[in-house]
Amino acid sequence: QTESSLEKGNKMSGGRNGAARPEDVEMEMLPISGFLEDGTLENPPKEPCCSITNCLLCGFGCATCCCLRNLICRRMVFAPPSPPFYFFKDKEMWRIPIEIYDAGSEFTSAQFQKIENKILDIQTFKIPTKRNKEVACVYVTHPDAKTTILFSHGNAADIGIMSFHFELMAETLKVNVYGYDYTGYGESSDEGKPSPKDVFSDAEAAYSHLTTQLNVDPKTIIFYGQSLGSGPSIYLGKKYPVCGVVIHSGLMSAVRVINPYVQNTPWYDVFANIDNIKDCQSPVYIIHGEDDKIIPVYHGIRLFRMAPVTVKPWFVPNGDHNDIELDFEQEYFLRLKWAIQDFASFPHSDTKLTKGMQPIVNQPGTAANSKHPPNDNVRKRIEKIKSDTLGSVPSVGSPTTKPTAIDLGALSEHRQDAEMHGLVDGDAKGGGSSSVDESLVPTSA
């Protein structure tokens, strides 16, 4: 039996090898067929031609032929908030109060509050795209930032509700965050009428604005795609070499969310990330919840397998689709900080990235790869650091508390000891490296 790609990746990056598949991963999500050495299914399951799944896919293909592709996508893929969670007024953003959003209460624009922050500078823009649309953007900048995150959000969000996360991310990591709404979302053009082509055009416009108008160096940019946003982020990562690409709860492709056993991408598929990521020009960091019920974890594992260059992924035990940055907040930011450090260690400008290339901080021989048994003194020191750092952090999701910047403190400076002894795992709310047996993961060509 050949060594799995995930095991190889974990060894290269100093991680621990995966253990047995957790009992709470549903068996119907995972096939029992064997795999060839290239990772493809040896005996893929055969479905009857009249299966519900195949009928859905056939119907989507026929709708595409009948010029109904965008209409079907609006019903099945996109879910823009209506009404939006924000509006622009005099180049300022007004957004729904966090306590109203968390309570799930109905709201009106009269309840919106102007976004204000004493540390961060917040700018809004409306920029044109090549498809003659106009895209709404927000740019959150930190005075000490050296990195800029170009954030592509999920399908049921907009930059209004995401602005709370943008602020928290900027303050905690000391980065700039540039978010944009897809066509059909929020203050962007064509309210309620997004399309896959527009999403890619919107992402290109955002990147162009960031680099040409705001003069941000591409070598300092990170593409961050969450859920649906994995599509435009991987698309940009294929076209432009940047500091790195983060894929958070990403999908292999839209069709594979319905049927993960598809071997070749159908011509009518959208967001074919599994194909595009093979040509990604920057190192990739994968975040995915093992208990994700919307886009199951095997999507993240497969994307990790196919990316040419990766840093250590994070497959989150007990993590679902929308809760990782909330329920695993401290570890989420800690690991994201480490991934950014890994990205920065790659030779982005002078050397072309090659498959299997490793960040300098994870080269063999570092403490993270050490085979020495745990040292009790080191363990106690890191446990104390962890307790002091993570024990008193406020919750971001509190109905009455605005998200507060997290002080990652001393723990972030003791990464190798923390990883070596497993002390970033086992928090009250979980976290850590994957225990998924990736040999049971669906694959596609």
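Among contacts in the protein chain between residues at least 6 apart in sequence, 72% join residues at least 24 apart. The model is predicted, and the chain's secondary structure comprises 14 helices and eleven strands. Of its 445 residues, 57% count as buried.

Two helix pairs were examined in detail. Packed helices are described by the angle between their axes and the distance between those axes. For helix α5 (residues 159-173) and helix α12 (residues 329-344), the axes come within 11 Å and cross at roughly 60°. This angle makes α5 oblique to α12, and the crossing in which α5 passes α12 is right-handed. On the α5 side the contact is formed by H165, L168, M169, T172 and L173, and on the α12 side by E329, Y332, F333, L336, K337 and I340. Classified by type, the residues of this contact are seven nonpolar, two polar and two charged.

The second pair consists of helix α6 (residues 196-213) and helix α7 (residues 230-239), whose axes come within 9 Å and cross at roughly 60°. Helix α6 is therefore oblique to α7, and α6 passes α7 in a right-handed crossing. From α6, the residues V199, F200, A203, E204 and Y207 meet G231, P232, Y235, L236 and K239 of α7. The contact of α6 with α7 contains seven nonpolar residues, one polar residue and two charged residues.

Seven of its ten residues are buried, so α7 is largely enclosed by the rest of the structure. The buried positions of α7 are S230, G231, P232, S233, I234, L236 and G237. Of these, G231, P232 and L236 also take part in the contact with α6. The elements covering the buried residues of α7 include the strands β6 (148-152), β7 (176-180), β8 and β9 (244-248), together with the helices α6 and α9 (273-276). Helix α10 (residues 297-306) is likewise largely enclosed by the rest of the structure, because ten of its ten residues are buried. The buried residues of α10 are V297, Y298, H299, G300, I301, R302, L303, F304, R305 and M306.

The largest nonpolar core contains 52 residues, of which M169, Y224, Y285, I287 and Y332 touch the most other members. Helix α5 gives the most to this core, with nine residues. When residues up to four places away in sequence are not counted, I287 touches Y224, V246, I247, H248, S249, W314, V316, I324 and Y332. Another core, of 45 residues, lies apart from the largest one, and its members include C137, L228, I274 and L303. Among these, L303 is also one of the buried residues of α10.

Several local backbone features occur in loops. The peptide bond from S82 to P83 is cis, with omega near 0°, and P83 lies in the loop between α3 (69-76) and β1 (86-89). D90 has a positive phi of about 55° and is placed in the loop between β1 and β2 (92-95). With a relative accessibility of 68%, above the 50% cut-off, D90 counts as exposed. S227 also has a positive phi of about 55°, and S227 is found in the loop between β8 (221-226) and α7.

D121 is located in strand β4 (residues 121-128) and, at 42% relative accessibility, counts as partly exposed. Apart from its neighbours within four places in sequence, D121 is in contact with Y139, V140 and T141. The C-alpha atoms of D121 and E167 are separated by 9.8 Å, although these residues are 46 residues apart along the chain.

Note on methods: Residues numbered from 1 in each chain as written. Predicted model: local features only at pLDDT ≥ 70, side-chain atom pairs only at ≥ 80, totals over all residues. Heavy atoms only, no water. Axes fitted to C-alpha atoms, helices over the stretch in contact; angles between N-to-C directions. Helix = DSSP H or I, 4+ residues; strand = E, 2+ residues; numbered from the N terminus. Parallel < 35°, antiparallel > 145°, perpendicular 65-115°, else oblique. Left-handed = near helix turned anticlockwise from the far one by under 90°. Contact = heavy atoms within 4.5 Å. Nonpolar A, V, L, I, M, F, W, Y, C, P; charged D, E, K, R; others polar. Core = buried A, V, L, I, M, F, W, Y, C linked by side-chain atoms within 4.5 Å. Buried < 20%, exposed > 50% of the residue type's maximum accessible area, 1.4 Å probe, protein only.
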